[in-house]
Amino acid sequence: MSSLPQILRAKLAATPSGRLPFAQVMELALYHPEHGYYGAGPRKIGRQGDFFTSVSVGPLFGKLLAMRALQEWRDLGEPADFTIIEQGAHDGQLAEDVMDALGGTGIRYLIVEPNARYREAQARRLEGRPVHWVESLADLKTSPAHAFFLCNELPDAFPVHLVRWNGERWEELFVESDGAEAFRFIPGDCSCGNLEAEVKHLPHDLATGHVLEINLAMLAWIRDLAHSAFRGAIFIADYGLDAEEFHADARAEGTIRRYHQHQMDGQVLAGLGECDLTTHINFTRLIEEALRHGLAQREYDLQGRVLGRMATSWIQSLEGSQPDAATMRQFQSLTHPALMGRSFRCVILEKPPGR
Ligand SMILES: C[S@@+](CC[C@H](N)C(=O)[O-])C[C@H]1O[C@@H](n2cnc3c(N)ncnc32)[C@H](O)[C@@H]1O
């Protein structure tokens, strides 16, 4: 097997219906261990990669998060086992930035990383620092007892199901071979009960053909996080929308996009394995599920505003001196509404101890 499209064609041929839910195709395209966009190892993010993230802007994002984590540590009474937990750590850049900003505080850093290639890349970058790894959130069921969990652009990379309003009901979009070299979408009944349960709550007054993404993986993830042992806070930064905003006519094609060399389009079945596939996350649904599982909302706002508030203690710590020009540019990129300040949003959730 030499390419992801060939692997997908073989999978489709081996499936009695000849089709697969889009979520399985996205899983393969992103996480196949040899040919997946992410599965094969951490690719470059930033100017030389396919897209920018708040981490690739520079170390200021990590610095602000480090200061927020320190505040959490103090608010919890400075517990000795306090740990910063990161998931979606990619090549370890954010972990490095946070630990550089923490200096010699001795606060531990734990990375949740299922992929061994990523763990190796992270370990190389973070050699000599107090970092540990676990493979999944299931490993956080008994410890640590106190933590600040953070992630940047994680749930937007989870595989999603696609559903389409046909004028009478919501149908799932499956993927099949077009008989030649390409793939196409075909509608059908929902492939699982969890998807059916989500679809029941969707509106019926949208234009025929309106597409929505259903991120079941994100819902399972926030539930797992809610049931982990630690007490503290959860910080989630990502691009996304409130539920209502997904229903605008201008978003009738959904928000799933592919990224390649800083170009973005909706041809999500083309270039499988070579392009990033990503969706806006539904913050309303994320927060609703979080609250249902015992978490409490502390903040939910545009990234520009949340980081602006976090920056107050950083600016105070400068005691009247000016940040250098590069740091000011990073602050602008992260917070200006025309740059990352409005398209990205942050949620901070209160995490009670696990039951
Ligand atoms: C869009 S990238 C963001 C990388 C980095 N956080 C940043 O902001 O530059 C998404 C990352 O999430 C990782 N990822 C996806 N699912 C994951 C999971 N279940 N556990 C840990 N990492 C995951 C991918 O491997 C990828 O590195």
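Visitor: Why does Q261 count as exposed?
Guide: Q261 has 9 C-beta neighbours inside 10 Å, so it counts as exposed. The scale works on C-beta atoms placed from the backbone: 20 or more others within 10 Å make a residue buried, 12 or fewer make it exposed, and in between it is partly exposed. Q261 is found in the loop between β11 (257-260) and β12 (263-265).

Visitor: What should I know about the model and its numbering?
Guide: This is a predicted model, in which local features need pLDDT of at least 70, side-chain atom pairs count only at pLDDT 80 or more, and totals for chains, interfaces and linings use all residues. Residues are numbered from 1 along each chain as its sequence is written.

Visitor: What makes β3 mostly covered?
Guide: Strand β3 (residues 108-112) has four of its five residues buried. Strands here are DSSP runs of E with at least two residues, helices are runs of H or I with at least four, and both are numbered from the N terminus.

Visitor: How do you know that β2 and β3 pair, and in which sense do they run?
Guide: Two strands pair if DSSP finds at least two bridges between them. Five bridges join β2 (residues 83-87) to β3, so the pair qualifies, and the strands run parallel. In β3, V112 is the bridge partner of Q87.

Visitor: Which strands are at the edges of the open sheet?
Guide: The sheet has three strands in the order β12-β11-β13, with antiparallel pairing. Its edge strands are β12 and β13 (276-278), since each pairs on one side only. From one strand to the next, the twist averages 25°. Three bridges link β11 and β13 in the antiparallel sense, and Y259 stands opposite D276 in β13.

Visitor: Which residues of α9 and α10 meet?
Guide: Q303, G304, L307, G308 and A311 in α9 meet F331, L334 and T335 in α10. Contact requires C-beta atoms, placed from the backbone, within 7 Å.

Note on methods. Two residues are in contact if their C-beta atoms, placed from the backbone, lie within 7 Å. Axes are lines fitted to C-alpha atoms, for helices over the stretch in contact, and angles run from 0 to 180 degrees between N-to-C directions.
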